[in-house]
Amino acid sequence: MTRRYLPAGTDALLVELADLAHTLDLLAALQAAPPPGVTECVPAARTLLVRFDPRHISAPTLRAAIEALKTGQRTDTPGARIEIPVRYDGADLAELAALLGITAAELIARHTGQDYSVAFCGFAPGFAYLAGGHPGLDVPRRATPRTRVPAGSVALAGRFAAVYPDETPGGWQLLGTTALKMWDLAREPPALLQPGMRVRFVDITSESIAARACSTLAEGQEHPDHPPAAATIGRALTVRAPGLQTLVQDAGRPGQAAQGVSAAGALDQGAMRHANRLVGNAPGLPVLEALLGGLQLVCQGAAVVAVTGASGPLELTRAGGRAAPVPRNAALILTDGDVLSLGQPMTGLRSYVAVRGGLHVAPVLGSASRDTLAKIGPPALAAGQRLPIGAAPAGSAVGAPDRNPPPLPRAGDTVTLDVVLGPRTDWFTPEAVALLSAQPWRVTPQQDRVGMRLLGEQPLARAQTQELPSEGTVTGAIQVPASGQPVLFLADHPLTGGYPVIACVALHHLDLAAQIPPGAWIRFRPLGPFAEIEETGA
């Protein structure tokens with residue numbers, strides 16, 4: 001077998017393998033004996049993304065450890081079998097049957113004729129890539145993806161089948177729909193389909209236990225691990241005005257790749273840790289992430305807060321009505337009835353508000369963070385919402401004010417971001433690779449926690465135009481769609497993607513990337529020449 005090791009930023013390797021079987025074999029070996037420092041593995045059709053902590057292991061050492069693993073030990077013991085009832089009324093059924101030169105009835109017969117296996121999850125929470133099935137169902141994606149694919153859509157693309165867990169854009173061929181819920185946080189685990197399971201699609205017009213399974217599985221169970229936050233009558237912050245978008249964020253939820261869930265978490269992790277440190281909290285406790293200005297918080301009881309991240313006016317109105325500016329990047333004492341107001345940032349984009357004791361928020365899958373793409377975690381704050389404050393940590397001290405926070409950009413500024421070329425730099429022409437760093441890229445208003453769209457005078461041309469099978473992506477990945485205009489992925493990006501990634505922002509510049517406002521410009525600075533793709537026989 002031949003493997004290729006491709007850089008995916010400063011903290012991940014993309015291992016390219018011969019096929020899905022070899023990918024799952026290597027995944028099993030890594031899960032059985034993970035090298036120190038490996039944090040997560042994301043399998044795909046013929047690649048395995050291996051994330052690691054650079055403080056504990058280097059990329060060359062990790063590669064050597066992977067090469068030393070004993071593979072070929074995976075057993076194909078059949079997993080649990082689930083039948084999925086399908087109403088074959090999909091928008092692409094007739095067109096796809098004609099493309100394959102068969103009738104719609106024959107297409108349905110092929111789809112329901114044999115079991116699939118759950119190979120891996122990605123794209124969205126609960127989105128399982130199902131391998132196997134009839135060999136004659138190898139079909140292309142749609143030439144133009146749909147902007148809306150309904151939840152429960154049963155679809156084909158390449159040699160894979162899948163069910164869309166939620167309404168999303170998508171380019172797969174739609175065969176029909178099912179009422180089974182693929183993702184349900186009231187169920188344990190939330191993802192109905194887990195790697196290794198067997199799946200059989202059943203025409204809903206035929207007799208099958210699937211119809212009975214549908215009603216049973218859709219009901220779900222109470223989630224035992226994350227009870228709702230206990231009601232309190234003590235200290236709290238009440239939202240007078242939520243601003244443009246204010247979310248609860250923490251260090252994120254890594255380790256959920258098997259369910260198709262990315263880590264999410266605060267976009268500017270350094271600002272989150274800094275805010276918590278100023279009020280004496282553990283670094284990863286939940287904070288508020290406020291986009292631009294307008295957030296107003298009323299204190300109930302006494303509290304110690306700190307605001308970090310973007311720079312701009314910060315005002316404290318005392319209960320008696322006296323208002324005065326107060327500093328950011330410092331611990332502030334609030335008393336009952338005080339109002340803290342965040343003005344429009346002068347530099348940067350996102351502010352972080354920490355309160356001593358942390359926010360008492362119920363975790364979902366081990367984290368209080370809001371993942372805007374996956375719709376996991378508490379929704380954006382609303383006016384009148386009350387946020388209970390946790391118990392203050394015993395013995396911890398507040399931090400000294402920071403008089404020299406790192407400078408952040410404003411609209412019109414040019415920001416330089418270090419990048420690591422790869423993993424798919426060889427999919428682009430040499431001129432496009434040079435152009436990535438030679439020309440500036442304007443940050444468009446089309447940006448959110450998923451990513452930011454960039455616009456350059458000249459688009460990036462591809463040397464390879466064939467379809468790239470979906471593969472794992474990292475925060476900071478610079479993905480290039482057919483338009484040639486890049487998209488820079490941020491924390492809520494999809495776990496897997498189908499466009500080639502020309503480079504990835506270095507770990508030490510991810511926080512800065514999250515603070516670049518629309519109207520600013522980015523220049524990418526490669527840390528070194530693209531690493532030669534080394535092939536290893538195994």
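**Entry 1**

The model I am reading is a predicted one.

I then looked up the pairing of β17 (residues 295–300) with strand β14 (residues 236–242), and recorded six bridges in the antiparallel sense. Here threonine 238 stands opposite valine 298 in β17.

**Entry 2: the five-stranded sheet**

I next traced an open sheet of five strands, paired antiparallel in the order β15-β16-β23-β18-β21. Which strands stand at the edges? I found β15 (245–249) and β21 (332–334) there; each has a single partner strand, so one side of each is left without a neighbour in the sheet. For the twist I noted an average of 30 degrees from one strand to the next.

I examined the pairing of β21 with strand β18 (residues 303–311) and recorded three bridges, again antiparallel. Valine 305 has leucine 332 in β21 as its bridge partner.

I also asked which strands helix α6 touches where it packs on the sheet. I listed β16 (287–291), β18 and β23 (347–355) as the strands touched by α6 (residues 269–279). The direction of this helix makes about 150 degrees with that of β18.

**Entry 3: aromatic pairs**

I turned to the rings and recorded ten aromatic pairs in the structure. For phenylalanine 127 and tryptophan 172 I noted ring centres 5.4 Å apart and planes at 90 degrees; planes over 60 degrees apart count as edge-to-face, so this pair is edge-to-face. I located phenylalanine 127 in the loop between β6 (116–121) and β7 (128–132), and tryptophan 172 in the loop between β11 (168–170) and β12 (173–177). The pair thus links distant parts of the chain, 45 residues apart. Are phenylalanine 127 and tryptophan 172 buried or exposed? I found both to be buried.

I then looked up tyrosine 129 and phenylalanine 160, an edge-to-face pair with 5.8 Å from centre to centre and 90 degrees between the planes. Tyrosine 129 lies in strand β7 and phenylalanine 160 in strand β10 (residues 160–163), so the pair ties together parts that are 31 residues apart in sequence. I noted that tyrosine 129 and phenylalanine 160 are both buried.

Finally, I followed the ring pairs onward and found that they link Phe120, Phe123, Phe127, Tyr129, Phe160, Tyr164 and Trp172 into a cluster.

How values were computed. Residues numbered from 1 in each chain as written. Predicted model: local features only at pLDDT ≥ 70, side-chain atom pairs only at ≥ 80, totals over all residues. Heavy atoms only, no water. Pairing = 2+ DSSP bridges. Helix = DSSP H or I, 4+ residues; strand = E, 2+ residues; numbered from the N terminus. Axes fitted to C-alpha atoms, helices over the stretch in contact; angles between N-to-C directions. Contact = heavy atoms within 4.5 Å. Phe/Tyr/Trp six-rings, centres within 6.5 Å; stacked < 30°, edge-to-face > 60°. Buried < 20%, exposed > 50% of the residue type's maximum accessible area, 1.4 Å probe, protein only.
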